[in-house]
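These entries record what I looked up in one structure.

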Amino acid sequence: MRYPANHVLGAQRNGVNHVSMNIGTVPPGGPVRGTHYPTYPDALLDWYDSAGANPMGMTSVRVMFTWEAVQATAGGPVPPPGANYANYWTDLMGVVTRCRARGMVVVLAPWQYNPASGNTDIVYQGQAIAPATFADFWARFATAVNAATGNDERVAYDLINEPHTDQESGLPGDIGISLDDWFTCAQAAITAIRTAGHVNTILVPGMTWTSAQAFTTNGSAVKWAALNDPLRNLGVTVHCYSGVEGAGAASPTVLPDACTALVAWARSAGAKVHVGEIAIDAGDNGLPPFGSTFAFAQTQWANWQQFCLANDDVLVGWNWWGNSAAGWWNAGDSKNPQGYHWGLTLDEGATRTVYANLVASSVRTPRLALHDNPADPGNGENKTTTVAWESPDIWVRQNPDGGLATEPVQGARPCTVYVRVTNRGSGTWPGTGTDVVTLRWAKASAGLSWPAPWDGSNPALGGTIAAGVAFGAPIAPGASTVLAIPWNSPPDPLAHPDKDGHFCLLAAVIKPGQPWYDGFTGTNLNTNILRMSHVASRNIHVDPAGRNAFHHLVVANPHGWAEEVEIGFEPLDRWRELVDPFDGRLFLVPHRELRGRLGRLENLVDAGHGRLAVLEPARGIRGLVLEPGERLSLAVEWESERTPALRTVQYAVEEGRRVPAGGQTFVLGEVEGWTTEDRAALV
């Protein structure tokens, strides 16, 4: 399932595990600042982000903490009373809010310690966890975190670090947890978080130390799919150390190989996957002994980067293991007895380690987007407009002449549709990705829905122009590429009862075979397009200048139930700005059988010659009830000297509220961005 781009699960974000607030046994009275955990200077967080020497450009930080340090007794308050606990909580939330202030998504993950095994374990105060205790903790913790962050939805919860059975551990004293017991605890935590009113993304790890490679074979996939979240805001989180463990560690494709089955399962299940921990050895790290070589690690990492790019519809990012404040971490790798740290910097970002040099070029990620209007930031829900059918990224030319504005085209004659795609990510789209553009058409209507008529289920009303057009060339951050897509067989206007040649176009950036409407909810096409940055539409009809007949406005009810609608009219000047007050006169010219029905509506009067005058265009038409599946077509005439365009909006009336459902925009004169090149740069 696709999410809006600014959602935690909506785009790839890479970064680091920020560690050392995950401690061993918490002493009586709570952990002591500077003794049991460090404080983190702004310089380090700046380096994670985009400041300092050779910054990394991270957009995600997984922050490890210890349960006992934020809830001292089972069922007790979060945070506990006492100065040390208060300091720990302040410092933990300080890291969270400072990372968020730098634009990074934060994942909070409890790392638990078992003194009997001397290792991380699924325990609380050295004992096995119980569902009720776990649920109580997560309800209290989420409530406290959201109070500290102002209910910031870009703080996510990773339920616990590395579930495993005691058999999988093999360490004396390890307790672990069974598959069934773990997912019972996970469901209890999910339910508790949602019952407490929190909407944050929840990441649920699988078994076998959260192994990516074992997720589909150890029962985790089946159990994860059975979890219930009423908000459908769950992700899978896995750890990938296959590059340093097992017989395949020496393979150049070991990292993609470890995740291939998982990604295939996730795509079929509609799940998103977060790689919460990943690391490989990379040669000389200054702390011998060390494993591998930098050159071979580069090959392994390049293959991983390509795998992430090819599967960015499923993989929502990775977090390197790990990094901390100066003096609290090292660069030792899997061959060093003091290692398994793979630190990125040992001096708050003043210099990089070999691992930072390895991953630096892959931290920033591309993200391809289409825009609904010139002000659309392309990073998720577009709140700069309520109109989803005037995209500046789609236009039509009769011939493939490279023109940058729409021109009138003749129906049933080949033409060219241009689609502009922009890289709104922070990394270059390299041209080796698998993204494509799909382009579809529908008979114009102010009441279009989805997936019909775009799916071709009624060939007279819509279908596919191009199923998958590739890009090829790299696209730098902030740059765009324009695709010229032939439309060899446009519909013949004469084949439609109203003889109208007005058609709507819809473009989407997808993976091959992926539904363009992935992530859509409800039936309102307008709302869904505005939510999602990968799709845009254009329902603008350009007529030769000097005419005052706008062809046909079509209002429609695509649903299986009767629907009350309202029609709004918005005159626009040559810069696409609203003309206020209304200028000129507006007439509707319905078919004869509709004239009496519409004439009974408020704000419409008979103007003779088969026309109905709209007395107050700003009030629009209200009280029109459409039967299930009904389409009404009526010509619109506008007499005005200073209004070259008219936007019509169909509103659904839901519980007394007007919700834009769609619309059509008609252009009779010169309008910047529609009949002439748009000089306003996309932001």
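Which side chain is joined to that of N114 by a polar contact of 2.8 Å? I looked this up in what is a predicted model, and the partner is D121.

**Entry 1: N114**

I placed N114 in strand 4, which covers residues 113–114. I then checked its accessibility: N114 has a relative accessibility of 1% and therefore counts as buried, the cut-off being under 20%. I listed its contacts while leaving aside neighbours within four places in sequence; they are N119, D121, V123, G173, D174 and I175.

**Entry 2: helix 3**

I tested the length of helix 3, residues 83–101, against expectation.

I next asked which residues of helix 3 are buried. They are Y85, Y88, W89, D91, L92, M93, G94, V95, V96, C99 and R100. For reading such a list, I noted that an α-helix has 3.6 residues a turn, so residues three or four places apart point the same way. After helix 3 comes G103, and I found its phi to be positive, near 85 degrees.

I turned to open spaces and began with the largest pocket, which has a volume of about 820 Å³. It is lined by 29 residues, and those closest to its centre are N119, T120, E162, Y241 and E277. Strand 5 (119–120) and strand 10 (234–240) are the elements that give two or more residues to this lining. By class, I recorded 14 nonpolar, 12 polar and 3 charged residues in the lining of the largest pocket.

At least two lining residues come from each of helix 10 (294–310), strand 12 (315–323), helix 11 (354–363) and strand 19 (503–510). Which element supplies the largest share of this lining? I found that helix 10 does, with 7 residues. The lining of the second largest pocket divides into 19 nonpolar, 13 polar and 8 charged residues.

**Entry 3: cavities**

How many cavities of 30 Å³ or more are there? I counted 3. The largest cavity has a volume of about 100 Å³. Of its 15 lining residues, W389, L525, S537, G662 and G663 are the closest to its centre. Helix 12 (525–531) and strand 30 (657–667) are the elements that give two or more residues to that lining. I classed the lining of the largest cavity as 9 nonpolar, 6 polar and no charged residues.

The second largest cavity holds about 80 Å³ of space. It is lined by V8, R13, S60, V105, V107, L203, H274 and V316, which I divided into 5 nonpolar, 2 polar and 1 charged.

**Entry 4: backbone exceptions**

I finished with the backbone, bearing in mind that most residues other than glycine have a negative phi, and most peptide bonds are trans.

Where do cis peptide bonds occur? I recorded one between P288 and P289, with omega about 0 degrees. P289 lies in the loop between strand 11 (273–278) and helix 10. I recorded another from D580 to P581, with omega near 5 degrees; P581 is in the loop between strand 23 (563–572) and strand 24 (585–590).

W342 has a phi near 50 degrees and is found in the loop between strand 12 and helix 11. E655 has a positive phi of about 50 degrees and sits in the loop between strand 29 (645–654) and strand 30. Are W342 and E655 buried or exposed? W342 counts as buried because its relative accessibility is 1%, whereas E655 is exposed, with a relative accessible area of 81%.

Conventions. Residues are numbered from 1 along each chain as its sequence is written. This is a predicted model: local features need pLDDT of at least 70, side-chain atom pairs count only at pLDDT 80 or more; totals for chains, interfaces and linings use all residues. Side-chain values use heavy atoms; hydrogens and water are left out. Helices (H or I, at least four residues) and strands (E, at least two) are DSSP runs, numbered from the N terminus. The expected span of a helix is 1.5 Å times one less than its number of residues. Buried means under 20% relative accessible area, exposed over 50%, partly exposed in between (1.4 Å probe, protein chains only). A polar contact is a pair of N or O atoms within 3.5 Å; within protein, one must be able to donate a hydrogen and the other to accept it, and residues adjacent in sequence count only if both atoms are side-chain atoms. Contact means heavy atoms within 4.5 Å. On a 1 Å grid over the protein atoms alone, a cavity is a set of points where a 1.4 Å probe fits but cannot get out, and a pocket is an open set with protein on both sides within 12 Å along at least five of seven lines; lining residues have an atom within 4 Å of a point. Grid points are joined across faces, edges and corners, and a volume is the space filled by probe spheres set on the points. Ala, Val, Leu, Ile, Met, Phe, Trp, Tyr, Cys and Pro count as nonpolar, Asp, Glu, Lys and Arg as charged, and the others, Gly among them, as polar.
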